[in-house]
Amino acid sequence: MNKAVTVMPDVQGSADTRHIAIDKVGIKDIKHPIRVKDRSGREQHTIANFNMYVSLPHNFKGTHMSRFVEILNEHEYEITVDSFKDMLVEMTKRLEARAGHIEMAFTYFVIKLAPVSSVRSLLDYEVTFIGEITDDKPVITVKVIVPVTSLCPCSKEISQYGAHNQRSHVTVTAKTNGFLWIEDLIDLVEKEASCQLYGLLKRPDEKYVTEYAYEHPKFVEDMVRDIATKLNKDPRVTAYVVESENFESIHNHSAYAMIHKA
Ligand SMILES: Nc1nc2c(ncn2[C@@H]2O[C@H](COP(=O)(O)OP(=O)(O)OP(=O)(O)O)[C@@H](O)[C@H]2O)c(=O)[nH]1
């Protein structure tokens, strides 16, 4: 039996007469599985939290929100910086928008080998890809929070033995014009820390990291300056914010420093 086709009004597509354009409208905090290509060529399956927005001209009442979800559900994306660019372009085309913005945040695991015993373990990092596109020109920013050890140069200098040290979070937000692997940023940060972290350490490894950190004291100022020096030399990085927060073991507050290069 033919059902009568009901023509539904397209409210979103109707005109708006307030003459106010909207900078960003879309969907926020939607989770979706993704496949992230890592530097070794393997794929990592993880779950990402997406915010997806487009610009809306003053004369349209609403954006077509279902299309954002369609884009996610039509691909179980293998995410690299390149395919993330494709998602940005696809979104502005499907939503018939001039500008778009996607934030994709996920937990990323790196295989680590302990420094002496070489026991293998995974370490987790919080990563966000931020994509902006205007008139088909995508710009990608990669943000990584790298947990490291910091040991205080002052505490070491003034003490007869020992030095206060703690876990720190170094956050690098790097705008890239080329192909930047997540691991490239992680390696760069970990090399500048008092010591990098590992998921698994046996006693010989623990001795190593304890002594290594003591031999590499770093203020928060040292961390951000040494990382900025490296980022300034990387042609793939066009702008960055580097932050270091030490969760001080002798205070109930953090030490913090930030360098921003626009
Ligand atoms: N713009 C807008 N859409 C909303 C809002 N609240 C709910 N919606 C969405 O409106 C969607 C339906 O509108 P469209 O996406 O245009 O759906 P459609 O017209 O059937 O699909 P298209 O033919 O692709 O336009 C639903 O997915 C709702 O989630 C809102 O505040 N603003």
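A nonpolar surface patch of about 350 Å² is formed by F109, I111, L113 and L122. Patches are built from residues with over 30% relative accessible area and no salt bridge, nonpolar side chains (Val, Leu, Ile, Met, Phe, Trp, Tyr) being joined within 5 Å and like charges within 9 Å. Accessible areas come from the Shrake-Rupley method with a 1.4 Å probe, and for residues only the protein chains shown count as cover. The model is predicted: local features need pLDDT of at least 70, side-chain atom pairs count only at pLDDT 80 or more, and totals for chains, interfaces and linings use all residues. Residues are numbered from 1 along each chain as its sequence is written, and side-chain values use heavy atoms, with hydrogens and water left out.

Strand β4 (residues 99-113) supplies the largest share of the nonpolar patch, three residues. Helices (H or I, at least four residues) and strands (E, at least two) are DSSP runs, numbered from the N terminus. I111 belongs to strand β4 and is partly exposed, at a relative accessible area of 32%. The classes are buried (under 20% relative accessible area), exposed (over 50%) and partly exposed (in between), with a 1.4 Å probe and protein chains only.

Strand β5 (residues 120-134) contains S121, which counts as buried at 11% relative accessibility. S121 and G199 are separated by 78 residues in sequence, yet their C-alpha atoms are 5.3 Å apart.

**Ligand site**

Q12, G62, T63, H64, M65, S66 and R67 surround the ligand; a residue is near a molecule or strand if one of its heavy atoms lies within 4 Å of it. By class, this shell has one nonpolar, five polar and one charged residues. Here Ala, Val, Leu, Ile, Met, Phe, Trp, Tyr, Cys and Pro count as nonpolar, Asp, Glu, Lys and Arg as charged, and the others, Gly among them, as polar.

An N or O atom in the side chain of Q12 is 2.9 Å from an oxygen atom of the ligand. For H64, a polar side-chain atom lies 2.7 Å from a ligand oxygen atom. R67 also places a polar side-chain atom 2.7 Å from an oxygen atom of the ligand. Taken alone the ligand exposes 650 Å², and the protein buries 46% of that.

**Salt bridges**

The whole structure has 19 salt bridges, each defined as a side-chain nitrogen of Lys or Arg within 4 Å of a carboxyl oxygen of Asp or Glu. Side chains of opposite charge can pair when their charged atoms come close. Three of these pairs are listed below.

| Pair | N to O distance |
|---|---|
| R67 and E96 | 2.8 Å |
| R98 and D135 | 2.9 Å |
| E192 and K230 | 2.7 Å |

R67 and E96 form a salt bridge that links distant parts of the chain, with R67 in helix α1 (residues 66-74) and E96 in the loop between α2 (81-94) and β4, 29 residues apart. R67 is partly exposed at a relative accessible area of 21%, whereas E96 counts as exposed at 61% relative accessibility.

R98 pairs with D135. R98 lies in the loop between α2 and β4 and D135 in the loop between β5 and β6 (137-151), so this pair ties together parts that are 37 residues apart in sequence. The relative accessible area of R98 is 55%, so R98 is exposed; D135 is partly exposed at 40%.

E192 and K230 meet through their side chains. Because E192 lies in helix α4 and K230 in helix α6 (residues 220-232), the pair ties together parts that are 38 residues apart in sequence. E192 is buried, with a relative accessible area of 12%, while K230 is partly exposed at 31% relative accessibility. Separately, salt bridges that share partners join R39, D184, D187, D234 and R236 into one network.

**Helix α4**

Helix α4 (residues 182-192) is mostly covered, with nine of its eleven residues buried. The buried residues are I182, E183, D184, L185, I186, L188, V189, E190 and E192.

D184 sits in helix α4 and counts as buried at 18% relative accessibility. The D184 side chain makes a polar contact of 2.8 Å with the side chain of R39 and one of 2.9 Å with the side chain of R236. A polar contact is a pair of N or O atoms within 3.5 Å; within protein, one must be able to donate a hydrogen and the other to accept it, and residues adjacent in sequence count only if both atoms are side-chain atoms.
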